Amino acid sequence: MTSSNSSSRLKPDTRLAHSGRDPQSFHGFVNPPVVHASTVLYPDSQTLVTGGQTYSYARRGNPTTDSLEDAIKEMEGAAGAKIANSGLNAIALAILSCVKAGDHILIVDTAYGPTRHFADTVLPNFGVSVEYFDPHLGSDIKSLFRPETTAVFTESPGSLTFEMQDIPAISAAAHEIGATVLMDNTWATSLYCQPLALGVDLSIQAGTKYIVGHSDAMLGVVAANEKAWKGLNAVHGAMGSHVAPDDIFLGLRGLRTLSVRLERHQKNTLTVLDWLKDQSSVGSISYPALPTDPGYEIWKRDCSGSSGLCAFHFPDGTSQDQTHAFLDALQLFGLGYSWGGFESLAIPVRLKGMRSATPVSETAQSVRLHIGLEDPEDLIRDLVQALKKAFG
Ligand SMILES: Cc1ncc(COP(=O)(O)O)c(C=O)c1O
């Protein structure tokens, strides 16, 4: 199915299966070819000088990149989409497409750590001032607007601490002053949250996580509405951004099964958390899809599902040594950062230097879990023995 089909009437699962591919254009093969290329040849000099053919230079796109970009465009209901070589690269490109020297960008305090690093170390060198805001602000974000505010970067739920943001309220406020709204939607994906429909202009995902879904490639995607598309496309081209075709192939392959994988991540996570909440050595849980979570009402309004990333907090008085003893005792959960694959993961939550607009305890002991596709009974058994080793 190509983008020319009226795909907006199709349900998301159907779009996942069909978008971005047109078998009859490739001799009937179900999947598009993986085009390895740099040079593109022209039939004659006239076509070369006028650029009169679909592809001109592999960096600028080929049938493989088009397939994934078309699929993301359809999934997001976007005017256009671009792919980047990592989630962080997608974030950087999206931000660079809507700020210039003299501008002010507001970034949610709970943004992914390396997003902060990019904003703090690169943007000021180009004359862009960066300010962080409390994720709970909603339309009160207006109080931080300056005449030179041109962009608002959101991420919902927030990294490590999982605060939900009122994206429609923030978007409406930002649009009153003509600012562009960006959202990192990696946690929910375009299957469970549709940022553009909530008012966002640039919707970003670290495709490395659930789109690829198998911990074997890095990828980023940005989908833009009509207003933001021209700028995104221009910056993407000017920066020479390009993703290797084999990685795009892995992204396309992952996309086809995104829905069934996410459904299982969600089910397993709810099962594990339902058990975890009753453990005496566990204080509280952060996961917006739980009715006890402060972000539950916003999650219910803005999302149609939840993924496998969550955190739990040990009670006050727990030491770092106990947290490490727990982590080191885990056998099925790997200790590693990049989540979204089929496997379960755990890391200690470390907030030192990661927040500036909201008070956080830098000594509280918390663990971020990614609940994978294993049998949740085995995962629970692993958590039981690790908690026992750490807490007796
Ligand atoms: C919420 C979020 N956004 C962006 C990224 C960056 O993705 P990548 O590792 O592909 O650069 C991550 C990575 O962990 C993430 O968790």
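A crossing of two helices is called left-handed if the near helix is turned anticlockwise from the far one by less than a right angle, and right-handed if clockwise; by that criterion, the crossing of helix 4 and helix 5 is right-handed. The structure is a predicted model, in which local features need pLDDT of at least 70 and side-chain atom pairs count only at pLDDT 80 or more, while totals for chains, interfaces and linings use all residues. Residues are numbered from 1 along each chain as its sequence is written, and side-chain values use heavy atoms, with hydrogens and water left out.

**Helix packing**

- Helices (H or I, at least four residues) and strands (E, at least two) are DSSP runs numbered from the N terminus, and axes are lines fitted to C-alpha atoms, for helices over the stretch in contact, with angles running from 0 to 180 degrees between N-to-C directions.
- Helix 4 (residues 87–96) and helix 5 (residues 113–121) have axes that come within 10 Å and cross at roughly 40 degrees.
- Helix 4 and helix 5 are therefore oblique to each other, given that angles under 35 degrees count as roughly parallel, over 145 as roughly antiparallel, 65 to 115 as roughly perpendicular and the rest as oblique.
- Their contact (heavy atoms within 4.5 Å) is made by L88, I91, A92, I95 and L96 of helix 4 together with P114, T115 and F118 of helix 5.
- By class, that contact has seven nonpolar, one polar and no charged residues, where Ala, Val, Leu, Ile, Met, Phe, Trp, Tyr, Cys and Pro count as nonpolar, Asp, Glu, Lys and Arg as charged, and the others, Gly among them, as polar.
- Helix 10 (residues 258–276) packs on helix 13 (residues 376–391) at an angle of about 35 degrees, with their axes 10 Å apart, and this crossing is right-handed.
- From helix 10, N268, T271, V272, W275 and L276 meet P376, L379, I380, L383, V384 and L387 of helix 13, a contact with nine nonpolar, two polar and no charged residues.

**Cavity and pocket**

- A search of the whole structure finds one cavity of 30 Å³ or more; on a 1 Å grid over the protein atoms alone, a cavity is a set of points where a 1.4 Å probe fits but cannot get out, and a pocket is an open set with protein on both sides within 12 Å along at least five of seven lines, lining residues having an atom within 4 Å of a point.
- The largest cavity has a volume of about 30 Å³, a volume being the space filled by probe spheres set on the grid points, which are joined across faces, edges and corners.
- Its lining consists of S156, M164, Q165, I167, M183, C193, L198, D302 and C303, which divide into six nonpolar, two polar and one charged.
- The largest pocket holds about 370 Å³ of space, and of the 21 residues that line this pocket, the closest to its centre are H313, L351, S361, A364 and S366.

**Backbone features**

- S156 and P157 are joined by a cis peptide bond with omega of about -5 degrees, and P157 lies in the loop between strand 4 (149–155) and helix 6 (167–176).
- H27, in the loop between helix 1 (12–18) and helix 2 (45–50), has phi near 60 degrees, a positive value in a residue other than glycine.
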